[in-house]
Amino acid sequence: MNCDVLIVGAGPAGIFTALELIRLKKQKHIVIMEKGSPIEKRSCPKIHTKKCMNCKPYCHITTGFSGAGAFSDGKLSLSCEVGGDFPDLIGRPAAQELIDYTDRIYLEFGAVKEVEGLGNDDKIKDIRRRAIKAGLKLVDCPIRHLGTEKAQELYRSIQNYLIEKGVEFLFGAECTNLILENSVCKGARAHDVGKAEHFDVLAPVTIVAAGRRGADWLDHICREHDIIHESGTVDIGVRVEMRNEIMEEVNNALYESKLIGYPKPFKDKVRTFCQNPGGFVSQENYDNNLAVVNGHSYKEMKSRNTNLAILSSHNFSDPFNQPIAYAQKIGELTNMLANGHILVQRYGDILDGKRTWQDELERSSVQPTLSDAVAGDITSAMPYRAMTNIINFIEALDMVVPGFASAETLLYSPELKFYSNRIKLNRNLETNILGLHCLGDSSGWTRGLMMASAMGVLMGRALE
Ligand SMILES: Cc1cc2nc3c(=O)[nH]c(=O)nc-3n(C[C@H](O)[C@H](O)[C@H](O)COP(=O)(O)OP(=O)(O)OC[C@H]3O[C@@H](n4cnc5c(N)ncnc54)[C@H](O)[C@@H]3O)c2cc1C
């Protein structure tokens, strides 16, 4: 098969590239190769089974049209301060302009008009004052919250629009390698999921937008083809869950509190991430059977709890250059202790140096929204450095949100964010291999829906 532009991965980065090419009337034959299904065929059986079925050959939560976006909470961060390092590549004003433009496209496709985190100035001042006293920085970031169910509707309209405009989708097609001739990328090789025969798609422009799930695969591809990259950061953390009453003030004033600290003694960057008022803790399964924890919230259906991630960032120096493998090992060890599931422990038990027992969990006022999480001891698998960072950060957060560090607060593990290797890109998002571009979370430059989408828009603009 031949085409003008081949996009690997139908996540936000890939689909916004196609959208922008169409909006700019660039008249390209665009093929999008996606391992998963079209959006209407994506469904997670957990709604019925109440537990993760570890679906094979892939997890529908992160795979298929709109990538990790469809089942995500749909929180669009509208500030270039949040969502990745893409602004370092193109400059802050240009990144903010792209975000504002991309936000207007989301609105055209039916995103909610309301923006959270604006107004409430006095309350926010109060929260900021307490954060400063606790040695934390509160980052301002307005958020457009779609909610999981609305996000699916919105991405479905985008899918229909792209099909109507002639974009060709190869669903169920997994890219296995890139085709290179004399250091020029000529396209990609793929196979239909579950089948052995390979087929080639040839294109003068190949764009890899394989998301965080593709990080491992892309790491191999980079090594095989000498694509210039540097090892990325890994975030090792926990998903924290407590009653809405504790988080009420912050939830109402900000919806999402983006707090950053550098706690002693290591002074690593530790931050809050992905806060879900009235939300649900969820499980994601990677293809290598790694079960990691995440969280999301619906627009209508609410729980009694708020969850958020606390992430401790780790960078490694020479001679070690396998941060993803390092974090995976921590995840595997945690899964092993929980018999393949997610571990949950009460904060008080961590401080007391004991595991949490199921019956203790059942009589707590915070009931886990991830019902198949296994009560146990997350400290048995968490490295000392990460655990110390998390505990010291939670103690600081308690000064901003009284009750955050209470004995019954739940900590789930493993919460791991693998960021792909940071691929060296020029301002046209081209790698050192002619004809090969890399985008979104798989490029290592973005970490969120809006930033990945905005990078896609820039890609669409950059192509002749
Ligand atoms: C549960 C959950 C909740 C989240 N909530 C939020 C949120 O509220 N706000 C926010 O900003 N971000 C959120 N995120 C993160 C956000 O979804 C991602 O940052 C964003 O989707 C990245 O977009 P992307 O296009 O780079 O990659 P992805 O969305 O990951 O898409 C990549 C696509 O590539 C496909 N693919 C991978 N490898 C191959 C291959 N070899 N061949 C063919 N196809 C391939 C995958 O199937 C996938 O569909 C959440 C993520 C998860 C998992």
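Tyr 326 is partly exposed, at 28% relative accessibility; on this scale buried means under 20% relative accessible area, exposed over 50% and partly exposed in between, with a 1.4 Å probe and protein chains only. Its aromatic partner is Phe 320, and the two rings sit edge-to-face, 6.3 Å centre to centre with 70 degrees between the planes. Phe 320 is partly exposed as well, with a relative accessible area of 33%. Rings of Phe, Tyr and Trp (its six-membered ring) pair if their centres lie within 6.5 Å, and planes under 30 degrees apart count as stacked, over 60 as edge-to-face and the rest as tilted.

A word on the model before going further. This is a predicted model, in which local features need pLDDT of at least 70 and side-chain atom pairs count only at pLDDT 80 or more, while totals for chains, interfaces and linings use all residues. Residues are numbered from 1 along each chain as its sequence is written, and side-chain values use heavy atoms, with hydrogens and water left out.

**Aromatic rings and charges**

The structure holds 10 aromatic pairs. One of them is the stacked pair of Phe 169 and Phe 171, 5.1 Å centre to centre with 5 degrees between the planes. Phe 169 is buried at 15%, whereas Phe 171 is partly exposed at 23%. Phe 16, Tyr 106 and Tyr 155 come together as one aromatic cluster.

Two arginines lie over tryptophan faces: Arg 355 is 4.0 Å from the ring centre of Trp 357, and Arg 422 is 4.3 Å from that of Trp 445. A charge sits over a ring here if NZ of Lys or CZ of Arg is within 6 Å of the ring centre and within 35 degrees of the ring normal.

How do α1 and α4 pack, and at what angle? Helix α1 (residues 12-23) meets helix α4 (residues 92-108) at about 90 degrees, with the axes 12 Å apart. The axes are lines fitted to C-alpha atoms, for helices over the stretch in contact, and angles run from 0 to 180 degrees between N-to-C directions. Helices (H or I, at least four residues) and strands (E, at least two) are DSSP runs, numbered from the N terminus.

From α1 the contact takes in Pro 12, Phe 16, Leu 19, Glu 20 and Arg 23, and from α4 Tyr 101, Thr 102, Ile 105, Tyr 106 and Glu 108; contact means heavy atoms within 4.5 Å. These residues divide into 6 nonpolar, 1 polar and 3 charged.

**Buried residues and their neighbours**

| Residue | Relative accessible area | Contacts |
|---|---|---|
| Asp 372 | 14% | Lys 46, Lys 50, Lys 51, Cys 52, Gln 283, His 341 |
| Ala 215 | 3% | Ile 324, Ser 420 |
| Asp 349 | 4% | Lys 354, Arg 355, Thr 356, Glu 360 |
| Val 366 | 4% | Glu 241, Met 242, Arg 243, Asn 305, Leu 361, Glu 408, Leu 410 |

Asp 372 lies in the loop between α11 (358-362) and β19 (374-375), and Val 366 is found in the loop between α11 and β19. Asp 349 belongs to helix α10 (residues 347-352), and Ala 215 to helix α7 (residues 215-225).

**Backbone details**

Most residues other than glycine have a negative phi, and most peptide bonds are trans. Which peptide bond ending at Pro 265 is cis? The bond from Lys 264 is, with omega near 0 degrees, and Pro 265 sits in the loop between β13 (258-261) and β14 (270-276). Asp 318 and Pro 319 are also joined by a cis peptide bond, with omega about 10 degrees.

Ser 66 has a positive phi of about 80 degrees and is buried at 0%. Leu 429 has a positive phi of about 60 degrees and is likewise buried at 0%.

How values were computed
Nonpolar A, V, L, I, M, F, W, Y, C, P; charged D, E, K, R; others polar.
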